[in-house]
Amino acid sequence: MMSVGQPAWEVVTVADRAEYWLESHWYFAVAYMILAVLAVAAMVVALGMGLIYGERKIAAHFQCRMGPMRVGYHGILQSIADTIKLLLKEDIVPERADKVLHLVGPFLTLVVTILILGVLPYSPLLQLADVSLGVLYLTALSGLSVLGLLLGGWSSNNKWSLLGGMRAAAQVISYEITATLALLVVTMFAGTLTLSGIVQSQAQGWWVWRAHGVGLLSMGLFMIAATAEINRTPFDIPEGESELTGGFHTEYSGLRFAFFFLAEFINMFVVAGITVTLFLGGWMPLRIGNWETFNNLMGLIPPSLWFLGKVVVMVFVLMWFRWTFPRMRVDQLMRLEWKFLLPIGFINLFAAAVIILCKWYFFPV
Amino acid sequence: MSVTVRTLSELLMPPSVADSPLSTQEYFVNMGPQHPIAHGSLRIVLLLDGETIRKVIPVPGYVHRGIEKMCEHMNYRKIIPLTDRMDYLSALMNNWVVARTVEMAAGIETNARIETIRTIMSELQRLQSHVLWWGVLGMDLGAFTAFLYSFRDREIIGEIFEETIGARLTMNYIQPGGLMYDILPDFVSKVKKLLGYLRPLINEYDALLSGNAILQERLRNIGILDGKDAISLGCTGPVLRASGVPYDLRKVEPYGVYDKVDFDVVIGTKGDCWDRYYVRMEEMRQSIRIVEQLIDNLPAGPYMVTKYNARLKLPKGRYYGQVETARGVLGAFIYSDGDGDAPYRMHFRSPNFNNLWAVTHIAPGWRIADYISIQSSLDLVIPDIDR
Amino acid sequence: MGSKIGTMGTEELEQLVITLEPRCRKRQSADRAAVIAPVAELDSLMRKLRDEHLLSFDLLLDHTAIDHIQEGRFELVYLLYSTRHGHHLMVTCDVDRANPVVPTVSEVWPIAHWQEREVFDLFGIGYDGHLDLRRVFLEDDWKGYPLRKDYTDPDMLEPA
């Protein structure tokens, strides 16, 4: 897909390196993988804490207040204090709850989230594994994440939780379709399912603005669907703290609650990451046509910083949604999906196919 | 004649049990007493079919303090602080209703200054109450930012109260025969500054929440209460006016100096949640208008026409006085037996107690999420229901 | 005062009610038009008050009771208001303290359904024909009726 004259980005994933070591010194490979796993664990925790702090600060400034200010400089250590508090809290399990499922729910949700973290390309050199069916993998896993919420809601043996779990299931399954349709557009443009391949296909320009609005529309669709899939306002009806008193996590406390909480925040990062990878060029620097000086300057910024910067912007947009919109109602949510987003998604997919057939790109591919 | 007394547990017998694994079953859910929508301690038992409400059973009484019984042992001045604890968002109006009824009964004539200050204070309180309600409605519908905006502005009104009255919530300010304290010299300039600050803010509220498509979806055509039903269900205040009945005590039976100011009674057309929402938004503007007209020429005079310690003894009789609080008609019924300075029987017609039961009429057939809109739009203050 | 606001004066209003229901009497010592209705005529009187075009009392503002313990009776107070004419009326009804049962007016004004529950809860007055007579504030198994003058409770500060 590379056009001539462009520097080709060589992608080396962590799994590739481990495979290389496996041929000569297998223990190196094992050590490497263990390090990678530890790094992911550290990242999950750091990401969670960072995002929680960020959300609190951003929400505060949206709402004309300061947010956490006491623990550390401008409350920078607040998340650590909260983590310690959550770790020390009593882990209450309702007497009539299904003990096993009650435990499985939050773990499943978090594990699924972490599995998605593993395939996101953070930079050409930093990606755990480049799954050959990357987009399919993403779709499958985001569908699985609802199972954790459903289990949590069902096993709590609480009517509010059950309602929340059921709402979550209905919502995620519905919005999955739109999200998939939006992802398909990019897959068709890029001609590959691997995430690194999709990123590399955007060396000339990002998909969001390369194809006469089709990319922009599918990014919009994906953002809406993804916000619904991760249950954030205005689609946070499975939690609906003012109607369902927390929904599926009503009966959770302590560390289990922390897992749900952590998963929610990392999901936000994941969604932002997927959006960036598929529509905003992932770790690719910004390139504009023939502005060589500008392009060279942009190329000086390391790819990982590009990825991080774009993700931060997307996360900010998600937070902006949350602190501005009221919550929707269940049937309004379903109507939005089945009557508006789904037809638009199909038309968009068809338009994308036409554009690909006629090669009406803004830039040569 | 036979009287059948029922109990709550009798009402909450489980509905018919499903006989096949595929048949559906209605179920009871307790919304409250500990629930975010309760805004205090109000228990609402919902009979649900899936997410659709079939029946609503409000169970108040978790904050019942027996204020009416306490009143029987206190003289009229001591009753005033008790009324602060009923509808704490309309504390000044609660004070006023007792003061007004006692003044009517005892034949005390107050002067223009007292009545003007009472009116200004009540309108500021109404403004404060509506601002808070707006934020709480936003929070109930998931827009948390609105809540903090409203609290920011509520504080500013609260500071004016605090400076003049010495309290932010439980005022104990309007007394039979006058006011507890005179206003401070810079009260007028501060109120003017406040009005200048609040006027554009109401538009900002509109921009943040009222125009939002999701909010409109959540409120429009939801929970319709038509005017005839609203009257027979005893609703008053913004709830009744939203149903198209222009019954506002400030206009119909003016008290204070409401007959000297120019303001509009805001009414709705449909009686849905949106009308109840917008009637209150518009009432905030009207309150600002009223205060603006009054604040410039405060009449001179004493702030108390009786001696504070004067023993108030009402002649034998039944007295009923009422004022319009932020939530509707608050009435005080006093039966005095003519001896002693305490009422023989004191009863409060609380607007929230009477508005609450409208939910049993409105809510069936709507979803749980709509119930939130409905109850929020009724703007209930629980301690006033229970008294 | 309320009675002066409406189109009809106090005297005129009282006279009209008495013409409608001859067994009613004027109630002295009240601050507005007030009548005493006998228990037997309460239901029919209330229906007439709501439906008669000159009166059309469509809003039951308040309903409460007074415990006249020395005279051995409860006095029920109904405060009516007409949103059409803007006049007030106080209907009072004396009922025997030993067996306080009155007909319900909840069919006339639905809000009476709950106002009567409140009076039942605090005064123990039975409403004949009330469909859902339950305590409203207190628990179902509460002993006694707190607003009666002879109510005692071990936790009360000033025993009656």
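Is V270(A) buried or exposed? Some notes for a first look, starting with that residue.

1. Ground rules. This is a predicted model, where local features need pLDDT of at least 70, side-chain atom pairs count only at pLDDT 80 or more, and totals for chains, interfaces and linings use all residues. Residues are numbered from 1 along each chain as its sequence is written, chains are lettered from A and ligands numbered from 1 in the order in which they are written, and side-chain values use heavy atoms, with hydrogens and water left out.

2. V270(A). This residue is buried, with a relative accessible area of 2% (buried means under 20%, exposed over 50% and partly exposed in between, with a 1.4 Å probe and protein chains only). You'll find V270(A) in helix α9 of chain A, residues 254–279 (helices are DSSP runs of H or I with at least four residues, strands are runs of E with at least two, and both are numbered from the N terminus). Leaving out residues up to four places away in sequence, V270(A) touches T113(A), I116(A), L117(A) and L120(A); contact means heavy atoms within 4.5 Å. I230(A) is 40 residues away along the chain, and its C-alpha atom is 9.7 Å from that of V270(A).

3. Helix α5 of chain A. Its 22 residues (134–155) should span 32 Å at 1.5 Å a residue, and the end C-alpha atoms are 32 Å apart, so the two agree. The expected span is 1.5 Å times one less than the number of residues. After α5(A) comes N157(A), with a positive phi near 60 degrees.

4. E292(B). Over in chain B, E292(B) sits in helix α12, residues 273–295. E292(B) is partly exposed, at a relative accessible area of 32%. Its contacts, not counting residues up to four places away in sequence, are L195(B) and R199(B). G196(B) is 96 residues off along the chain, yet the C-alpha atoms of E292(B) and G196(B) are separated by 9.7 Å.

5. Chain B overall. Expect 16 helices and eight strands here. The radius of gyration is 22 Å, close to the 21 Å from the globule rule for 387 residues, so chain B is as compact as a globular protein of that length. That radius is taken over C-alpha atoms, and the rule is 2.2 Å times the number of residues to the power 0.38. The C-alpha trace of chain B spans about 80 × 55 × 35 Å along its principal axes, and 64% of its 387 residues count as buried. Of the contacts in chain B between residues at least 6 apart in sequence, 71% join residues at least 24 apart.

6. Chain C overall. This chain has four helices and seven strands, in the order α-α-β-β-α-β-β-β-β-α-β from the N terminus. A compact globule of 160 residues would have a radius of gyration near 15 Å, and the 16 Å of chain C agrees. Its C-alpha trace spans about 50 × 30 × 25 Å along the principal axes. Of the 160 residues, 59% count as buried. Among contacts between residues at least 6 apart in sequence, 53% join residues at least 24 apart.

7. How the chains meet. Which pair of chains has the most contacts? Of the two pairs that touch, it is chains B and C. No contact joins chain A and chain C, and their closest C-alpha atoms lie 24 Å apart.
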